[in-house]
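Subject: Structure for your review

Dear colleague,

Please find below the structure that I am handing over to you. My notes on what was found in it follow.

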Amino acid sequence: MPTDPTKTSVSPEANSAPPESPLLPNASELPAPSPPVAGENPDFSYNAAPPSRRDFLKVAGASAGALLVGGGNLPKPKVAPAPRVPFVRAGESPDIVVVGAGAWGGWTALNLRKLGAKVTIVDAYGPGNARSTSGDETRGVRSSYGDRPGELGEVWMLWAREAMKKWIQFDDEWGRELRLNLFHVTGDLIMRSEWDNFQLRCKVWWDKNKIPYQVLNPDDVRKAFPVMSMDDITAVLYEPDAGVVRARRAAQAVSAVFEHLGGKVVIGRASPGKTVNGRLTELKLDTGATIRGDTFVYAVGPWLGKTFPEIFAKKTRVPMGYVCYFATPIGDYRFTYPNIPSYNFPGVTGWAALPVDNRGFRVRGGERAPDQVVAADGRGGGRGTPANGANAAAGSGISNASVAAAAPQGAASGAGASATNADGRGGAGGRGGRGGGGGRNGNAAGGQRGGGGFGNLQDVPPQQQDPDTSDRWANQSQIDGPRRFVAHRFPLLKDAPIAQTHSCHYESTSSGNFIFDHHPGWNNVWIAAGGNAEGFKMGPKVGDYMSKRVLGYQDPQDKLFTIPEKDFEPPPTPADSTKKAAADSAAKPVPPGGKPPGLR
Ligand SMILES: Cc1cc2nc3c(=O)[nH]c(=O)nc-3n(C[C@H](O)[C@H](O)[C@H](O)COP(=O)(O)OP(=O)(O)OC[C@H]3O[C@@H](n4cnc5c(N)ncnc54)[C@H](O)[C@@H]3O)c2cc1C
């Protein structure tokens, strides 16, 4: 039974006031929600001087794709190219080729370039493209990894903290010229009906690493943010430095800066070309071009299994995840940055609409309908993550139910549903049959995300497991769960229109960890992939780490990120599914009018 952290000691550095004290400002002290001033870019309201208008800005802001392909209109770099490190040879061919211009490839290329290497990025569709996992509008940035097992959670926490600083540095260095602000510090409220292991472990590691956080009095939060319904909440942990980054724009901005500093971006689908003495010497592009290089970095996100199936097909999975952006009410800025922090309720994360783009109030995850059945053991569906499963399997003493409920970011997809037992994911709501109004639920424990159809991995058509061919359309059932959530937690948004949905593949690995390792067949080829639904925020840190590794530096953490030996369990057979369906049908229904377990 978790202890009540309000009775445990709190690090004086982080929490000078006793936990009982209100640590958020009182409602009366909060600034009144205000609309952005017309004609101004609110992102730049802190800038003393108006941003300069250079060609670079226009090109980067207006059409990164065009810029990135052609690059011919670029002004001269305003900084001298970084000094070349001895590693880099002179010559016509690029020294290093990075495949993939998502968060990981882009940042790796930028850092390599800053270290003096001659670098080319190749991307099949371009930076921030709609199929990439980095192509969504926004991504959460937080360091709360109390749900990850052992050392991993603490490492991720520290990486995320470093990444936060680097996002701020990037905005400081380039924001004015790019006329955009990528990282918005929102703070993150982690709210539970009672203290759970996720919160408690975050707290232990935050204390240990002197990371600022606050234990808040739920009444103060209620008063400060009356638009949020949290009557059942008794445990609130707050990470003040957490925030939200504009994802698609960040991928484009990083690539634009990379080009500005002399890097080259090429659009094309790469496949390995010639190899000589255990080394890859060139890539072939579908455009017919050949790109030679000394070293290659594959940062292909959910394409990893497809790119090197013999190595990664069984070590990676790419279930689909869905995000809803709800349009905020006209003239009501209470759901708009900076007027409300990011939030984390069991199984659901989200944040305010960011001004300028204003894609809407973001929700990932949802609540199941009251009439949906749940498994007899009360395991909530659609909330687990591979690491949660690993946690439970490792005998951490955390029950399945509490681990699942604690997961801040569950993988929400029917494709993941079958992995309930295989990789530890809570069974996510199955993906609904198209236009079918729901189809069947993935399994009894998996209705949380409001899905139907594709309840088991073997039911997911092959084209849906391929980021090149998958359909990204979100059906009604994928919107119903999030809508039930907003109706419960943000009732003023219960009828809010959907401004947009976004779907992309997760890139889960059988280890639940990132992969930064050599390709086992070619000693000049590196793999940087497996963000496990948490990779975007890490981009700047990944870029720093990967660039140094590629240039020959060693780090004691290297051994943590090797290609996992184990494979994912094979998906259940149809016979397994029939057995499970029979067990599920015997599961207890939620009493009429009652709330599903875990969603008190
Ligand atoms: C629904 C959802 C919500 C998420 N929420 C968060 C969050 O809140 N916070 C967070 O930190 N993370 C989150 N993540 C995870 C995060 O978005 C990913 O970890 C991250 O974006 C992965 O970046 P990447 O560069 O590894 O892959 P990608 O962004 O997918 O980039 C890979 C690139 O490789 C290119 N490519 C592939 N094959 C080839 C080839 N053969 N030749 C050329 N190019 C190729 C593709 O075109 C693509 O652009 C979420 C993920 C999902 C699905």
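In what order do the 6 strands of the open sheet lie? The order is β9-β2-β1-β15-β24-β23, with mixed pairing. At the edges are β9 (264–267) and β23 (515–518), each of which pairs on one side only. On average, and with direction ignored, neighbouring strands of this sheet are turned by 20 degrees against each other. Please note that the model is a predicted one.

R139 stands opposite V245 in β8. Both faces of β3 are covered: T138 and G140 are buried on one side, R139 and V141 on the other.

Beyond its neighbours within four places in sequence, V99 is in contact with residues including V122, A270, V297 and Y298.

Finally, the ligand has 38 residues around it, of which G102, G301, G321, G531 and G535 come nearest. Among the elements that give two or more residues to this shell are β3 (138–141), α3 (103–114) and α15 (535–550). By class, the shell has 18 nonpolar, 13 polar and 7 charged residues.

Yours sincerely

Technical notes. Residues are numbered from 1 along each chain as its sequence is written. This is a predicted model: local features need pLDDT of at least 70, side-chain atom pairs count only at pLDDT 80 or more; totals for chains, interfaces and linings use all residues. A residue is near a molecule or strand if its C-beta atom, placed from the backbone, lies within 6 Å of it. Helices (H or I, at least four residues) and strands (E, at least two) are DSSP runs, numbered from the N terminus. Ala, Val, Leu, Ile, Met, Phe, Trp, Tyr, Cys and Pro count as nonpolar, Asp, Glu, Lys and Arg as charged, and the others, Gly among them, as polar. Two residues are in contact if their C-beta atoms, placed from the backbone, lie within 7 Å. A residue is buried if 20 or more other C-beta atoms lie within 10 Å of its own, exposed if 12 or fewer, and partly exposed in between; C-beta atoms are placed from the backbone. Two strands pair if DSSP finds at least two bridges between them. Axes are lines fitted to C-alpha atoms, for helices over the stretch in contact, and angles run from 0 to 180 degrees between N-to-C directions.
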